[in-house]
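Thank you all for coming; I would like to walk through one structure with you this morning. Please have the sequence and the model open while I talk.

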Amino acid sequence: MHATKAAKGLLALSQQEELVDLPTNYPLSASEDEGDGDGERKHQKLLEAIGSLSGKNRWKSAERSEASLKVSEFNVSSEGSGEKLALSDLLEPVKPSSSLTAVKKQLSRVKSKKTLDLPLNKGEVERIHREVAFSKTSQILSKWDSVVQKNREAEQLVFPLEKEPASFAPIEQVFLDWKARTPLEQEVFNLLHKNKQPVTDPLLTPVEKASLRAMSLEEAKIRRAELQRARALQSYYEARARRMKKIKSKKYHKIVKKGKAKKAIKDFEQLRKVDPNAALEELEKIEKARMMERMSLKHQNSGKWAKSKAIMAKYDLEARQAMQEQLAKNKELTQKLQVVSESEEEGGAEEEEALVPDAVNEAQMNADGPNPWMLRTCNRDAQEDEVQAGSNELPEPVAHEFSENEGNEKPEAEEDVLMKEFEERRSLRKRSKLNQDAKPVGGQDSATKEVLSELKALSQKLSKDNRLSKKPKESPAKTVLLVQEEEPAPEEEEPLLLQRPERVQTLEELEELGKEDCLPNKELPGAAVEGEQVRRKPQEELKGKKKEQMISLQKLLTTRTPSVTSVAVPTTVEEQEDEVERDQKQMIKEAFAGDDVIKEFLKEKRETIQANKPKDLDLTLPGWGEWGGMDLKPSAKKRRRFLIKAPEGPPRKDRNLPNVIINEKRNIHAAAHQVRVLPYPFTHHQQFERTIQNPIGSTWNTQRAFQKLTAPKVVTKAGHIIKPIKAEDVGYQSSPRSDLSVMQSNPKRRSKHQKQLKKSSID
Amino acid sequence: MRRSHVTGRGPRKAEVACLPEGWQNPNPARGSWGPRPRAAKMKVKMLSRNPDNYVRETKLDIQRVPRNYDPTLHPFEVPREYVRALNATKLERVFAKPFLASLDGHRDGVNCLAKHPKSLTTVLSGACDGEVKIWNLTRRKCVRTIQAHEGFVRGICARFCGTSFFTVGDDKTVKQWKMDGPGCGEEEEPLQTILGKTVYTGIDHHWKDPVFATCGQQVDIWDEQRTSPVCSMNWGFDSICSVKFNPIETFILGSCASDRNIVLYDMRQATPLKKVILDMRTNTICWNPMEAFHFTAANEDYNLYTFDMRALDMPVQVHMDHVSAVLDVDYSPTGKEFVSASFDKSIRIFPVERSRSREVYHTKRMQHVICVKWTSDSKYIMCGSDEMNIRLWKANASEKLGVLSSREKAANDYNQKLKEKFQYHPHVKRIARHRHLPKSIYSQIQEQRIMRESRRRKEMNRRKHSKPGSVPVVSERKKHVVAVVK
């Protein structure tokens, strides 16, 4: 504190000394007053200094009379040099005098001006420069985005990219230069010019065009009148519709609706008489509408309205009626239609679908031959329908288009006709089946009974077997383990190349290579079968114990697990449990009220077994060796003679599993050739199937289509240098100035670099 | 050659209401023999063909075969194509003989290679003993040898016009040489020699202007006319091992330094742009010649990283398959693939968008491959290795060289498409993927697989036993980028 004060005082003194025209009786500043002792000493010093000024040795070295931290290099004492000179200090002495107003003003003006901020340090400045430059550069680069995108998606890229300038001149220009020379040419030319016959593309003369364009007055009038009439009619119709819409009477709407329905039925009847095909289509539409309705929750008693009515039903007759109506409707809608499974193919395909998403597999489904391809998919049209229903699809492969273009329209039309015929037949069959189903109820029962007795016999036999061969039983835990082992470990990204230390050189070896792959594949199903057997055993055991009892499938499928009652558990809990169980049963009953699941399943199984049985081959030719004709059939003897019995196939794997259907159509030999998982870019197996199903070879495609289908993605010409892509190649303008000139004309950076250069040369 | 597309049109049936030609009576007036006029009412159906449909115009034409495309006549299309695809794949592997030639003559390891920008047959190479050789590829001979430097030739590049080339060496000099040899009796002398203060480790020439860039302590941009750099840029203080001009936006440069970073520069504004620091050191980079903002970095951690230069915080793709440091990388001029040379004595070809290589080349005698180049017609690959040889490979291992007839070409295309179509089928896939590898690489791959697996397992365990979210799953692409410096 003291030091600063002293310094201030000294400053003030020196000011006093310098400003000569200051009045001498100027009162000392307050600060000076306070520092008495110090001031005294300083005064002495000052006096001495003044005295020495006048003396001879003007630059007499200052004597150090006190300890000072700040010793200047030069002889002047640097006391107070660390202090800043504030403007206010300068202004203070000026205050009282009025003659110095000009100076004061000047000084105050200086005071009002702000000083500049410190410049940023070098590193930060450079960083900002870099960021700006980077954003600029990436902006320049982003113009290439579209080009890159286009090139990546291009069907075909031909390198080198730069094209030769097209040398084709428009034909008009060619004609301008050309002159008729020979007499014949001149004659032709004259003729053409007389008629103003155009030489280029539009082949009509202007006059012809005009006449074509023109329309007679009558015609125009008629047309106008027509238009007017149509407009008027439209407006009337609209007005009417609006009016109808405003009517609030419910009864009216009901009547309208009923009328509409009646009319629709009438129309349909008429249509059936006139055009059965169209009627069928209509029927299908209605069916679809029904399905949609069924899918919706409208009649499920879950709506707000239904709930409120349910509450009111107790008291209100009307509400009860409404509710009943709705229930009836619901029942009608949810009634399950008997759908006859068309053939085993569809069912099989659906089962397999989840496992193997592949066209190939589906083809294989039909045949048990060693080659997966041996049978073509004959249910293609059905698949196509599915595909149409399928969600997102890849753009259809080009092959499809070509085949259509190149004139397959005729066969397609034929196909359509065939399809329709099939459909008709199918619907007929359905109807007859339905009738059959409706008639004999007892018939089915007898069938189920048959199955039951069969099963019983089987189970008895099995239990005997079991007793004969008392093998050590495997615990179910083991099967679980087995199953776990079968699961493939999650793989990381598969390398593109399969690298191994021995070389494969010949075709045979390559053949081997292919086979190796299918080995684990073969093992897999085996393991699965094993697991199955192991799993089967405990079940068989169970059956063996109850051999006396009548085994009913119904019971098997719906048996409840025997609950073990212990003494410790209070009985109330059990009761609760029972209640819960009853509830559940009730629920299940309600859920499957309409349809008999078990019966259906049995039927399905029987059908699949029937379908998979090898079929006998009938080689009888009617009319050979006997009379032939319309109603004559070959004799029984002959039929017996020419019937080749199919050999009994291996026993079914699911013969002892009442509630399982094992599909036996999967061919492990073919499976080795099939794709197991949907490959990456495809999102649906149907997309993938379609790429496989469309042939690309010249056997199936015309020459042009074949060329287009097999066009390679990248074409390079031998011996041509491919240069990097240029802005001009893709229609952009490249900067006319060279990079070097741009760099040199950048003044700021240049000066900096020159500086740098200089610096480096100094170093 | 006229070749109309004959669809399944059979021979035409002509209904002839009069006498057929052969039966015509030459003189009906006489009427002593031959059929009576009553026969003229007989209807005869006759086959007649238009000779245009089956006669060749010239002898050189192929016989025209009428085709019937009725699908019922050509059943089993999928199985038949599958078999064809399988055969094509097998034949591809049988005919895969990529090695073409070995150019020997260097007396030390080949350190750098350069392509001639205007000629496909000329290749330049620099060796570790300071020798530069110019090769003629068609004759497979060295046409010129220059003792260019003392010590290594660190970098070599040709001028964009192909009249001269530049070399840098361990003797701190940059030398410019004429592409053509000296005349008779003349000394082999450089056109220009610049003596620098520090060692230059790499050089690259601008694609359009008389400017070249060298690297060493810093990146210097030189005007060809001057002996001092026009500007020099540096960021950090580490030795820069390679510098490359962007071939499309030619003012952008990329460099990689031994402190694990890749730095991008803008030559026009004379400033660095951005820097990305990776796990390990990048040996060199190469720009995609068709995509201005993509470049690929060959890294010491056995991987290659393709970056979009506008988003450096995550590489677009990580390419892995090498089992040792990757030393060099070069793009195919089509920009669809690149080739990488590795310390593991092999070179690999990667498709740009795939993370795994499609091909691996090696020979018994090839040692550590130091440099690799893809020729500018995109058909061949050259690599220079430690054991003083430059090897020439086909870029497509089973491609037939020489002129192909149009039918051969068509068959080729068809086979390619078939392979592509059935590439997911297990047998085809397996055969197409199979490669023979030397034992060293094979065992290395196995070892690294085990290591990777154990690392993955450990991470999984750690994640399982720590607080959820505290050990996040980091994708492979993000894992290797340490930082991006603005």
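Which side chains meet in a salt bridge at 2.3 Å, N to O? They are those of B:Arg107 and B:Glu131, where a salt bridge is a side-chain nitrogen of Lys or Arg within 4 Å of a carboxyl oxygen of Asp or Glu. B:Arg107 lies in the loop between strand S3 (99-104) and strand S4 (110-115) of chain B, and B:Glu131 lies in strand S6 (residues 131-136) of chain B, so the pair ties together parts that are 24 residues apart in sequence. Helices and strands here are DSSP runs, H or I of at least four residues and E of at least two, numbered from the N terminus.

Before going further, a word on conventions. This is a predicted model, in which local features need pLDDT of at least 70, side-chain atom pairs count only at pLDDT 80 or more, and totals for chains, interfaces and linings use all residues. Residues are numbered from 1 along each chain as its sequence is written, chains are lettered from A and ligands numbered from 1 in the order in which they are written, and side-chain values use heavy atoms, with hydrogens and water left out.

Returning to that pair, B:Arg107 is exposed, with a relative accessible area of 59%, whereas B:Glu131 is buried, at 3%; buried means under 20% relative accessible area, exposed over 50%, and partly exposed in between, with a 1.4 Å probe and protein chains only.

The strand that holds B:Glu131, S6(B), pairs with S7(B) in the antiparallel sense over six bridges, and two strands pair if DSSP finds at least two bridges between them. Within this pairing, B:Lys133 stands opposite B:Thr145 in S7(B). The two strands, S6(B) and S7(B), form a hairpin with four residues between them, and B:Arg140 in the turn has a positive phi of about 55°.

B:Arg144 counts as buried at 9% relative accessibility, while B:Glu188 is partly exposed at 29%.

How many salt bridges does a search of the whole structure find over all chains? The search finds 30. Among them is the one in which the side chains of B:Arg348 and B:Asp321 meet at 3.7 Å, N to O, and both of these residues are buried. Salt bridges that share partners also join B:Glu337, B:Arg358, B:Glu359 and B:Arg435 into one network.

Let me turn to the aromatic rings. A pair of aromatic rings is described by the distance of the centres and the angle of the planes. Rings of Phe, Tyr and Trp (its six-membered ring) pair if their centres lie within 6.5 Å, with planes under 30 degrees apart counted as stacked, over 60 as edge-to-face and the rest as tilted; by this rule the count comes to 15 aromatic pairs over all chains. B:Tyr361 and B:Trp393 form a stacked pair, 5.0 Å centre to centre with 15° between the planes, and both are buried. B:Phe166, B:Tyr200, B:Phe212 and B:Trp222 form one aromatic cluster.

Some backbone details follow. Most residues other than glycine have a negative phi, and most peptide bonds are trans. B:Arg260, however, has a positive phi near 75° and is in the loop between strand S17 (252-257) and strand S18 (261-266) of chain B. B:Tyr302 likewise has a positive phi near 75°. In chain A, the peptide bond from A:Phe159 to A:Pro160 is cis, with omega near -5°.

Finally, chain A calls for care. Its secondary structure comes to 32 helices and five strands, and buried residues make up 18% of its 763 residues. The mean pLDDT of chain A, the predictor's confidence in each residue from 0 to 100, is 69, and 55% of its residues reach 70 or more. Over residues 518-573 of chain A the pLDDT is below 50, and this stretch has 50 contacts in the model beyond near neighbours in sequence, a contact meaning heavy atoms within 4.5 Å.
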